[in-house]
Amino acid sequence: MAISRSALRWTALLGLWILAGLIAWVLLVQGLLTLFSPFGNWQLPRIAEVTVTQVERDQAGKLTGNILATEGKRERVLRMAKEECADLEADMEVWILDNYFAKGPRPDQFRLTPWRLLMEYPEPLLALILWAIWRIRRSQVKEGQESPTRERTVWRDDFHTRAERFAVPKDPESKE
């Protein structure tokens with residue numbers, strides 16, 4: 001069973017719009033968390049490679065945990081999610097991503113993974129999706145302009161053809 005180009009384009013458009021809506025939702029939630037945070041400060045996000053020196057495991061129900069690490073010769077205290085702290089051990093070298101809003105309700109650092117990078121900074125992906133939507137829409141318009149205008153073919157069944165003999169004859173002098 002072959003699927004037409006038009007159906008594929010509409011399916012791709014629908015999927016891209018749904019993905020763009022999900023990304024907009026993530027941005028909205030991040031913005032609201034930042035807006036309604038009573039404390040915290042802005043910082044430039046960056047990526048760094050650190051060596052873990054100590055992991056504090058006694059967290060007593062907190063959402064975040066503290067990790068002592070060294071970046072080059074500088075010592076840093078990282079405030080990461082509890083699940084990410086549990087995966088770390090002393091003398092591990094890991095890549096971290098600094099959050100754009102420090103000391104807020106969310107962790108200040110995250111382990112650098114493609115999924116985390118996408119969840120924290122989805123703006124480039126949103127721009128790529130909007131560009132793809134624009135390209136698909138442009139190709140649809142271009143295809144509509146290039147297709148020759150064909151005369152419409154109307155198929156009639158026998159019932160309607162036989163019924164015409166009982167129709168009122170058209171007056172050739174009237175304008176319809």
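The stops below cover a strand pairing and then several salt bridges.

This is a predicted model in which local features need pLDDT of at least 70 and side-chain atom pairs count only at pLDDT 80 or more, while totals for chains, interfaces and linings use all residues. Residues are numbered from 1 along each chain as its sequence is written, and side-chain values use heavy atoms, with hydrogens and water left out.

Select residues 64-71 (strand 3) and 74-81 (strand 4): they run antiparallel and are joined by eight bridges. Strands are DSSP runs of E with at least two residues, helices are runs of H or I with at least four, both numbered from the N terminus; two strands pair if DSSP finds at least two bridges between them. Within this pairing, G65 stands opposite M80. Next, centre on G72 in the hairpin, where two residues separate the strands and G72 takes a positive phi near 70 degrees.

Turn now to the salt bridges (a side-chain nitrogen of Lys or Arg within 4 Å of a carboxyl oxygen of Asp or Glu), of which the structure holds seven. Select R46 and D98, whose closest N and O atoms are 3.2 Å apart. R46 lies in the loop between strand 1 and strand 2 and D98 in strand 5, so the pair ties together parts 52 residues apart in sequence.

Then select R79 and D108, another salt bridge, with closest N and O atoms 3.2 Å apart. R79 belongs to strand 4 and D108 to the loop between strand 6 and strand 7, so this pair ties together parts 29 residues apart in sequence.

Finally, display R116 and E120, which form a salt bridge and sit four residues apart in helix 3, separated by about one helical turn.
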